[in-house]
Amino acid sequence: MSWLWAIIVGLVLGLIAKAIIPGKQQIPLWLTTVFGIVGSVLGNWLATKFGINETKGIDWGRHLLQLAGAVVIVGLGDAMYAAVRGNKRHT
């Protein structure tokens with residue numbers, strides 16, 4: 001069940017990250033999901049380092065770090081994907 005949640009969270013965070021990043025991203029949906037999962041893992045790691053991964057109630061700090069991680073990973077991943085594919089970014 002944890003893999004299913006990782007995929008769902010990765011998809012949602014990846015799509016939100018794509019909406020936050022200005023311009024049109026070239027990455028496909030499956031890669032958006034993978035990058036969202038990686039960003040979520042990065043955000044969880046940072047939350048653990050900051051000591052805010054487990055709090056009473058809703059873990060807003062952890063969720064914001066997950067989203068920030070997804071934005072960074074989706075942004076970098078899109079740039080690398082476009083460079084490898086040879087596509088120019090459309091703004």
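**Contacts and fold**

Modeller: Keep in mind that this is a predicted model. Of the contacts between residues at least 6 apart in sequence, 65% join residues at least 24 apart.

Biologist: OK, and which secondary structure elements does the protein chain have?
Modeller: Three helices and zero strands. From the N terminus on, the order is α-α-α.

Biologist: What box do the C-alpha atoms fill?
Modeller: Roughly 45 × 25 × 20 Å, taken along the principal axes.

Biologist: How much of the chain is buried?
Modeller: Buried residues are 29% of the 91 residues. The accessible surface is about 6000 Å², and 73% of that belongs to carbon and sulfur atoms.

Biologist: Which residues make up the largest nonpolar core?
Modeller: There are nine: Leu 13, Ala 17, Ile 21, Ile 27, Leu 31, Phe 35, Ala 70, Ile 73 and Val 74. Helices α1, α2 and α3 each give two or more residues to this core, with the largest share, three residues, coming from α3.

Biologist: Let's pick one of those. What does Ile 21 touch, leaving aside its neighbours within four places in sequence?
Modeller: Ile 21 is in contact with Val 71, Val 74 and Gly 75.

Biologist: Switching to α2. Which of its residues are buried?
Modeller: Leu 31, Thr 32, Thr 33, Phe 35, Gly 36, Gly 39, Ser 40, Gly 43 and Ala 47.

Biologist: How does the length of α2 agree with what 22 residues should span?
Modeller: Helix α2 runs over residues 29-50, and at 1.5 Å a residue it should span 32 Å. Its end C-alpha atoms are 31 Å apart, which agrees. Just after α2, Gly 51 takes a positive phi of about 75 degrees.

Biologist: Last one, Leu 76. Where is it, and is it buried or exposed?
Modeller: Leu 76 sits in helix α3, residues 60-85. Leu 76 counts as exposed because its relative accessibility is 51%, and the cut-off for exposed is over 50%.

Biologist: How far is Leu 76 from Phe 35?
Modeller: Their C-alpha atoms are separated by 9.4 Å, with the two residues 41 apart along the chain.

How values were computed. Residues numbered from 1 in each chain as written. Predicted model: local features only at pLDDT ≥ 70, side-chain atom pairs only at ≥ 80, totals over all residues. Heavy atoms only, no water. Helix = DSSP H or I, 4+ residues; strand = E, 2+ residues; numbered from the N terminus. Buried < 20%, exposed > 50% of the residue type's maximum accessible area, 1.4 Å probe, protein only. Expected span 1.5 Å × (residues − 1). Contact = heavy atoms within 4.5 Å. Areas by Shrake-Rupley, 256 points an atom, 1.4 Å probe, with all protein chains shown as cover. Core = buried A, V, L, I, M, F, W, Y, C linked by side-chain atoms within 4.5 Å.
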